[in-house]
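Please consult the sequence and the model below alongside this briefing. The points are grouped by topic.

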Amino acid sequence: MGLLMFSGRSKPVTISGMKKQPDKTPIKTLRDAYKVSGFRVRAKIDSYEHEPPAFILTLDRRSKKTVCSGCGKTCRSLYDKRCRRVRDLSCGDREVYLDFQVRRVKCKACGVKNEKLDFLSDNTKYTLRFATQIGGLCRAMTIKDVARR
């Protein structure tokens with residue numbers, strides 16, 4: 001987008017058919033960057049308890065349907081819910097954590113099981129994209145260098 005100057009003032013104009021983009025607030029930008037299937041980012045908290053400081057994003061569920069991790073069937077019967085905090089990709093110099101509720105379902109075939117969430121790795125302490133990034137870094141660097149990052 002170009003700017004035309006008139007007597008010390010700047011006025012935004014469009015050049016060659018480009019549309020003016022609205023300003024994005026930091027929370028909107030984080031919503032776009034940290035999209036998770038089946039959830040939406042509700043809130044962002046700057047946490048200074050962590051060293052270095054971290055962003056904590058609270059996720060709200062969009063659907064009432066839950067998939068059993070044992071058999072993969074969709075279940076509507078809910079056993080209970082628990083809050084979980086998982087590590088995700090960093091944003092600049094800050095670590096990012098996702099807070100959300102994990103459901104346990106009462107499956108007719110499997111019994112009580114945790115729901116299956118596609119964005120979590122096998123170890124449910126971090127996301128799949130975080131595990132993939134760390135795995136790629138381990139292939140390119142020494143373990144000591146990856147731990148410093």
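This is a predicted model: local features need pLDDT of at least 70, side-chain atom pairs count only at pLDDT 80 or more; totals for chains, interfaces and linings use all residues.

The chain comprises three helices and nine strands. Of its 149 residues, 26% count as buried.

**Overall architecture**
- Read from the N terminus, the elements follow the order β-β-α-β-β-β-β-β-β-β-α-α.
- Residues at least 24 apart account for 45% of the contacts in the chain between residues at least 6 apart in sequence.
- The chain has an accessible surface of about 10800 Å², and carbon and sulfur atoms contribute 51% of that surface.

**Asp 99**
- Asp 99 is located in strand β8, which spans residues 94-107.
- Asp 99 counts as buried because its relative accessibility is 18%, and the cut-off for buried is under 20%.
- A polar contact of 2.7 Å joins the side chains of Asp 99 and Arg 85.
- Beyond its neighbours within four places in sequence, Asp 99 is in contact with Ile 56, Leu 57, Thr 58, Leu 59, Arg 84 and Arg 85.

**Aromatic pairs**
- Four aromatic pairs are present in the structure.
- Phe 39 and Phe 119 form an edge-to-face pair, with 5.7 Å centre to centre and 85 degrees between the planes.
- This pair links distant parts of the chain, 80 residues apart: Phe 39 belongs to strand β3 (residues 39-47), and Phe 119 to the loop between β9 (111-114) and α2 (128-140).
- Both Phe 39 and Phe 119 are buried.
- Phe 39, Phe 100 and Phe 119 are linked by ring pairs into a cluster.

**Arginines over rings**
- Arg 87 lies over the face of Tyr 97, 5.8 Å from the ring centre.
- Arg 94 places its charged end over the ring of Phe 55, at 4.9 Å from the centre of that ring.

Conventions
Residues are numbered from 1 along each chain as its sequence is written. Side-chain values use heavy atoms; hydrogens and water are left out. Helices (H or I, at least four residues) and strands (E, at least two) are DSSP runs, numbered from the N terminus. Buried means under 20% relative accessible area, exposed over 50%, partly exposed in between (1.4 Å probe, protein chains only). Contact means heavy atoms within 4.5 Å. Accessible areas come from the Shrake-Rupley method with a 1.4 Å probe; for residues, only the protein chains shown count as cover. A polar contact is a pair of N or O atoms within 3.5 Å; within protein, one must be able to donate a hydrogen and the other to accept it, and residues adjacent in sequence count only if both atoms are side-chain atoms. Rings of Phe, Tyr and Trp (its six-membered ring) pair if their centres lie within 6.5 Å; planes under 30 degrees apart count as stacked, over 60 as edge-to-face and the rest as tilted. A charge sits over a ring if NZ of Lys or CZ of Arg is within 6 Å of the ring centre and within 35 degrees of the ring normal.
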